[in-house]
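Here is a short briefing for a reader new to this structure. Take a look at the sequence and the model before reading on.

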Amino acid sequence: MAELDISDEPSTVTPRKPRRGWPVFTVIAIALIAFLAGGVGGSFQGKLAEVQKNDNASYLSASAESTIVADESAKFVTVETIPGFVVFHRDGPLTEQDKESIADAATAVTQVPGVDKTGMAPVQYSEDGTTAALFVPLVAKSDGTQVQGDVLAETEQHVMDAARSAAAAELEVLPAGPGGLLVAFIDAFQGLDGALLGAALLVVILILLVVYRSPVLWIFPLLSAMLALGLSSMVIYFLAKQDILTLTGQSQGILMVLVLGAGTDYALLLIARYREELHAYPNRFDAMIRAWRESAPAITASAVTVILGLLCLTFSELNSNKSLGPVTAIGIACTYLVMMTFLPVALATAGRWVFWPRVPQVDHAADLAAHGMWGRIAAAVGNRARPAWIGTTVLLIALCAIGIGSLQTDGLTSTENFTNNPEAAQGQAIYDAKFPQGTGAPAVIMTNADAAEQVIAVAGGVEGVARAPGSVCLQIDYAKVAGLNLGTGAAPAAAPTGCPPPQLTVQPIDGRTVVTATLADSYDSPEALETIERLRTAVHAAPGADALVGGNSAATLDVQTASVHDRNLIIPIVLVVIFLVLAILLRALLAPLILIATVVLSFAATLGVCGFFFTHVFHFAGADQAFPLFAFVFLVALGIDYNIFLMTRVREESLTNGTRSGVLRGLAVTGGVITSAGVVLAATFAVLGVLPLVFLAEIGFAVAFGVLLDTIIVRSVLVPALSYDIGKRIWWPSALAKAED
């Protein structure tokens, strides 16, 4: 019968007074610096949007084929643009008055700053006469200067305002094309500093109020987390400004919730130990010094593990993943710095009253907390350890099985990326229904000039390249090609009923020239990506052509291919890194293997639940190829935190009480704080669903569910039950494995 060996009588042993010396003053000095830097850095949080990059070129490496094509083709244009459309639609045929107003709208759009009016094409009309489309290329780069995302969004808004003002009132006027969808994507991140941060803060405040049951104490961890966010924002802003790293909208969103969630976790652990020591030390500074020294190893190991796990993303081929690692690692490092300096100094300076109305007094009764709910849970786990770990293992396997087959990670089209239905998605749906879907974003082929005719012939025979009677539907005028360095395409064919014959209007540069091929399918559809694969195979085989295929569809394909490569490479690296950290921390080999096995099993169960919910509850079209990697890195790197919090305390207790008793005591003492930390982290990631993007909603759900699964099932039952059943052998090969249990 397992029982917790905790006396009901308060201890009368006087604790050893903690040493004081230069480290204490160093911590205070760093705390002041962190406070000042975090306060100043808060102003940079709103500036991060200025250095965001959300196009495919920012995601791809320099070695990607579409990137090479983009760099080469940039020599042929002075102004690089992103193709977009303005769609005019009514349920019935367009009237002559409608057509006159559409012509006026086209004239008005040419006057909008930021529109490449020389690249605009004549208005297209659909075969059924109900819809018109105006090609509007947005300037993305001029004279080597990149246009910021917020400027693109503003230009798009001016275009739509001009078009709607001139068009007949009865017409539906909507944006479409890669330009419109990119701007919709950029707009989706405009809520980062408002809705997302506000929701995250509200959730954290409510949870901390419940956890601490104090109207004051919650202010300290939350203020510390905000200082950490400000400090990390300042560092990241300057690095992104100098192009040392790439910041995307999704990176910024993840950074925000990660700092708030992880920071609150570290604060909970430190404050829980501080409260415990206040029962033993009459001097609150002595209590904090003791609490800091006892909790620092676990918090430090946790931060180091997460940072190293995130930095494994630097092995990625994708720039977005490669920079997400440093961006989030900087966030964790700044969070650790603030939480281990400013927070303890602020708490100790404020005094015991911050815990009001449950102010801890010197009664040497800190261990009595283990007689509560978590003490009973620990005793139950010890009494039925083997059935407990077998049962939870079966449960996790069942959760994996219910939906892992439903999880589709083949990628999402641009319109499928939104949880709402923005105007650009509505316009794209109308455009795809009324016009040739491949126009506006053709494949771009760089080839040796003397092999151009051969490449044209080869490209014309590829399935999926649009055709007109007697000719291959290739680009009509390269002078109107837009935004090639962004992986986007060109102006549409002027005639909706056919495609012009092959022609080259560009003089070769350095013996190279460009051929563009219009695809039969929408540029980001699975069918278009398959066409790009066939097209690459065909033109690569053309003798002496040295042909390469780029463009918007090719860039999307390269992103997806790189995502799969990154997943297969980085996941094993993360596991090895975490194993090494745990082995050093726990001074054992068996325990880290067991802990990693439980985390991987928990991750598999989470994927199964995600597959079920994404398909049958949320009705998402699928998941991005990067989803498994992101979910793994965050779940494993963050989930291992709770292993560290639990097992470091278990090892501490095992040194004096034996392993089995140490397991139960460790669970009883840390169960409450680990569960609270898990709820906070899950809640902060769940608020990613505030932004109308499927990828972030999926990541938020996966991390939130996975963290709750970790804290409630894995860390509370599976790990302690398995450790209890194995006993002292879990510390093999350290000396603790040979101690009396």
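In what order do the 3 strands of the open sheet stand? The order is 11-8-12, and the pairing is antiparallel. Keep in mind that this is a predicted model. The points below cover the sheet, the helices packed on it, and a pair of helices.

**The sheet**
- Strand 11 (512-517) and strand 12 (548-550) are the edge strands.
- Each has a single partner strand, so one side of each lacks a neighbour in the sheet.
- On average, neighbouring strands are turned by 25 degrees against each other, direction ignored.
- Met446 has Leu548 in strand 12 as its bridge partner.

**Helices on the sheet**
- Helix 15 (residues 452-460) packs on the sheet and touches strand 8 and strand 11.
- The direction of helix 15 makes about 145 degrees with that of strand 8.
- Helix 16 (residues 526-540) also packs on the sheet, where it touches strand 8 and strand 12.
- The direction of helix 16 makes about 155 degrees with that of strand 12.

**A helix pair**
- Helix 17 (residues 552-586) packs against helix 19 (residues 627-657) at an angle of about 10 degrees.
- Their axes are 11 Å apart.
- The angle makes helix 17 roughly parallel to helix 19.
- Helix 17 brings residues including Ile570, Val574 and Ile578 to this contact.
- Helix 19 meets them with residues including Phe632, Val636 and Ile640.
- By class, the contact of helix 17 with helix 19 has 17 nonpolar, 1 polar and 3 charged residues.

Conventions: Residues are numbered from 1 along each chain as its sequence is written. This is a predicted model: local features need pLDDT of at least 70, side-chain atom pairs count only at pLDDT 80 or more; totals for chains, interfaces and linings use all residues. Side-chain values use heavy atoms; hydrogens and water are left out. Two strands pair if DSSP finds at least two bridges between them. Helices (H or I, at least four residues) and strands (E, at least two) are DSSP runs, numbered from the N terminus. Axes are lines fitted to C-alpha atoms, for helices over the stretch in contact, and angles run from 0 to 180 degrees between N-to-C directions. Contact means heavy atoms within 4.5 Å. Angles under 35 degrees count as roughly parallel, over 145 as roughly antiparallel, 65 to 115 as roughly perpendicular and the rest as oblique. Ala, Val, Leu, Ile, Met, Phe, Trp, Tyr, Cys and Pro count as nonpolar, Asp, Glu, Lys and Arg as charged, and the others, Gly among them, as polar.
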